[in-house]
Amino acid sequence: MWSENIVSYYSQQSMGDPNINESSMVHGTETVFEDCEIFLGGNEMVYGCEAIISDKMGHEAEMILDYKMIDIHDSKMVHSNEIVPGGSKVDPGGEMVPYDQTVLHCNQTVQGSEIASGNVTTGVKPPTSSKRRRKTSMVWEHFTTEDSEGCTRACCKHCNGIFAYSSGSKMSGTSHLKRHVTQGHCPEIKVQEPRAGGTENDCQGAVDKPSKRRRHTCTGYANARFNPDRSKSYLAKMIILHDYPLQIVQQPTFISFVEGLQPSFKVVNTDAIEAEVCAVYLKERESVLKQVGNIPGRINLTVQSWTTSQTLGLNLREELSRKNIPMLRGQFLVVRCYAHILNAAASDVTASVQSVIYKIRESIKFIKSCVSHEEMFAHIILQLQIPSNQTLCLDIKAQWNTTYLMLLAALDYKQAFTMLEKCNDNYNQAPSAVDWEKVEVACRYLKLLYDSANSIMATKDPTANIFFHEAWTIQREISNATDHQDSISSAIAKGMHEMFDKYWKDCNVVLAIAVVMDPRFKMKIVEFSYSKIYGLMKGAKYVKLVDDDIHELYNEYVRQPLPLTPAHVEQEVTGALPNDKNNIPTDPTSTGNLVSGFDIYLSEVAMSQIPKSELDQYLEEALVPRMLEFDILKWWKLNAVRYPTLSRMAQDVLAIPMSTVGRWSSVFAAGTEAKMLDDYQSSLHPETLEALFCAKDWLQHSSPAAP
């Protein structure tokens, strides 16, 4: 059996001290030595001033044992009382003989003052593990490793410095890493200067005594510079990002945990951490203001509404109208997200046929429950010669698009479900004929919503103009369906129309103005769509409202100062008239008076005519041909010289976020109810609640940086 011991031994006796005798011994399980691996057998003993000679020795008989290994087996004894520094031995004749690494094997015995030297390499070595050696150096308390392009680099945890570690089979070692954290190279670590020696008190006073160690050691985080303000800021960010209650700083277990990590950090109370949260919010708010301060034009924002069990707060539109005069009487404050409206309408449709959906789910479960059922159902499909290639699969209840696809596939096999019920006595969930009629109507409306969602979300950068086409098509279909003679169709349409019609009334003007900014459609698409929804007479009234609102909005932009661009400067210079009257040419002929009168006539005619605005010129021009790949933002950028004011208005309108959803999983997610504040959040001050919510959103979307 091998017993491995890591040992650190320092002799307190001078070299060749006669007091050192064979009575002093070190057993195999007595002490732990540093940086020296000794493998002792069951009965072996090391006598005298025992040591394993290395290439590192301190003065005054101090022996630092480093990176040497000795194997001692049965009945071996090592006697030594003459060791000198520098890796040498003293032979009986008094001469110093250099040595190399010495490994004693089983039959060698060295006694007295004799020390074996030379390149003795025989002997039995302890078994080695084939596993990769675990990183045990103290530097890894301060560094992490990261792989990049086939190389492994070391990254300082304190200053984020990058250092070489390994490249392929070449290793850079850790010496340079140790120097970084122990010799003051890292700006974030305060290194304690090593003491040149200790002091020893005696009757004569304090006397310097040399240091016992000459090697620098990594002392962990004890020497790292502690910043209580930074730690407090980190604590506030942890509370913000993870929705922890402010009272966590008063919990005894949390206080004990922090004191165990850093006793110097005094945990603050609830009021202090609340103030720190607000400080983080103000700092992030200032950063956001700097980012948006130089953005030209208006800024469009999306908000997520939260409700509370307490009857607190005001309507968002009323609050914003009180603080600022909104454009177009607040019509640009879109209340609902378009994707949420589609989800809510789809939920109403599926709820109207919920009993049929249950039967279809149970039918699919029965078919998929065993191979024999699947084979029987496939055989029935072949007998009935159903040409469909649809695959039956269960839906995900939280995503209505999967429910629609499940119903669509089931419709193709409705005859097979009926036949299966006749052939298998264990199956009794086949939908009836009336049930299948409901499914057909539901699929017709779900397809309308499904296609609209795909059309919007398939666009890489959806601008506001594309939403009008989708919204007016749905509004027309469900408006006509409410008067349908089919009771099933009209019943489903009424519930769907009630929700979508409210959205249309709130947002159709904004949607219409956005589509007017599309040079491929302008006001023509508004005239056409309104006539289809409301009829010619009523539709004309709504068209007039859109025309008035778009001119009112344009006039607001006209009243704003136009930013001076190089293009405008050039126009002003080239179009300016000379100020020197002497340079005006005169007509030397007798017809000069007649020409002068003609000029007066032209000026009078020009004054009598009202110049057309940029908006009127834009609307009167012919439509741009419709192309599959049309970049509307690029078109307005290219035409900014012709329409300097209108182009600014178009950019702001087209940037309105009509939908806050960008992920496919969220587009079709059911259950779009507003989020509810819990009792704890409702009890906080409004300013604190604002700081928690806003700072969390800003911190999640900002690059990590030290406070």
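A polar contact is taken throughout as a pair of N or O atoms within 3.5 Å, where within protein one must be able to donate a hydrogen and the other to accept it, and where residues adjacent in sequence count only if both atoms are side-chain atoms. The model is predicted, so that local features need pLDDT of at least 70 and side-chain atom pairs count only at pLDDT 80 or more, whereas totals for chains, interfaces and linings use all residues. Residues are numbered from 1 along each chain as its sequence is written, and side-chain values use heavy atoms, with hydrogens and water left out.

**View 1. Serine 529 within helix α14.** Serine 529 belongs to helix α14, residues 522-534; helices (H or I, at least four residues) and strands (E, at least two) are DSSP runs, numbered from the N terminus. With a relative accessible area of 0%, serine 529 is buried, where buried means under 20% relative accessible area, exposed over 50%, and partly exposed in between (1.4 Å probe, protein chains only). A polar atom of the serine 529 side chain lies 3.2 Å from the backbone oxygen of valine 526. When neighbours within four places in sequence are left aside, serine 529 is in contact (heavy atoms within 4.5 Å) with Phe468 and Trp472.

**View 2. The kinked helix α13.** Helix α13 (residues 487-516) spans only 38 Å between its end C-alpha atoms, whereas a straight helix of 30 residues would span 44 Å at 1.5 Å a residue, the expected span being 1.5 Å times one less than the number of residues. A kink of about 55° is centred on cysteine 507, the bend at a residue being the angle between axes fitted to the seven residues ending there and the seven starting there. At the start of α13, a side-chain oxygen of aspartate 486 comes to within 3.2 Å of the backbone nitrogen of isoleucine 488. The helix is mostly covered, with 21 of its 30 residues buried.

**View 3. The largest nonpolar core around tryptophan 636.** A nonpolar core is a set of buried Ala, Val, Leu, Ile, Met, Phe, Trp, Tyr and Cys residues joined through side-chain atoms within 4.5 Å. In the largest such core, which has 104 residues, Phe417, Met517 and Trp636 touch the most other members. Helix α13 supplies the largest share of this core, 16 residues. Not counting residues up to four places away in sequence, tryptophan 636 touches Met517, Pro519, Tyr618, Tyr643, Leu646, Ser647, Ala650 and Leu654.

View 4. Helix α20 (residues 644-654) is largely enclosed by the rest of the structure, because 10 of its 11 residues are buried; among them are Pro644, Arg648 and Asp652. Asparagine 639 is found in the loop between α19 (632-638) and α20, and at 10% relative accessibility asparagine 639 counts as buried. Its side chain makes a polar contact, at 3.1 Å, with the side chain of arginine 642.

**View 5. Two loop residues with positive phi.** Most residues other than glycine have a negative phi. Asparagine 160, in the loop between β11 (151-156) and β12 (162-167), has a positive phi near 65°, and at 56% relative accessibility asparagine 160 counts as exposed. Glutamine 385, in the loop between α8 (371-384) and α9 (400-412), has a positive phi near 55°, and at 66% relative accessibility glutamine 385 counts as exposed.
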